[in-house]
Amino acid sequence: MAAPSRTQVLALYRMLLRESKKFPAYNYRTYALRKVRDAFRENRNVEDPKVLEQLLSKACDNLAIIQRQAAIGKMYEIQRTVVESKPKKFI
């Protein structure tokens, strides 16, 4: 299998960030965003194609987990924390 291209890696990174922002709970959302950014920064200089393939596979699995957890989180009502702003009400 060919090594993943830079555009594929960046597309996966953007998808992970986009999906992480969908968590309704502030703490889960910030944790997921931080973990995604840290993981990609940590492995920024990896050039071995086999290692890249493994990391990309793990990232795809994590994307599926984030999507499922965000969907489950939306099924339940959450209490907003003090840090979050109040949702805007349209009259």
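Which residues are buried in helix 3? In helix 3, these are Leu 52, Leu 56, Ala 59, Leu 63, Ile 66 and Ala 70, where buried means under 20% relative accessible area with a 1.4 Å probe and protein chains only. The model is predicted, with local features needing pLDDT of at least 70 and side-chain atom pairs pLDDT 80 or more, while totals for chains, interfaces and linings use all residues. Residues are numbered from 1 along each chain as its sequence is written, and side-chain values use heavy atoms, without hydrogens and water.

Helices are DSSP runs (H or I, at least four residues), numbered from the N terminus. The buried residues of helix 3 pack against helix 1 (6-20) and helix 2 (26-42). Helix 3 covers residues 49-73, and its end C-alpha atoms lie 36 Å apart, which agrees with the 36 Å that its 25 residues should span at 1.5 Å a residue; the expected span is 1.5 Å times one less than the number of residues.

Arg 29 belongs to helix 2 and is buried, because its relative accessible area is 17%. Leaving aside residues up to four places away in sequence, Arg 29 touches Ser 20, Lys 21, Phe 23, Pro 24 and Glu 84, contact being heavy atoms within 4.5 Å.

Helix 1, helix 2 and helix 3 each supply at least two residues of the lining of the largest pocket. The table gives the lining by class.

| Class | Lining of the largest pocket |
|---|---|
| Nonpolar (Ala, Val, Leu, Ile, Met, Phe, Trp, Tyr, Cys, Pro) | 21 residues |
| Polar (the others, Gly among them) | five residues |

Terms used:
Buried means under 20% relative accessible area, exposed over 50%, partly exposed in between (1.4 Å probe, protein chains only).
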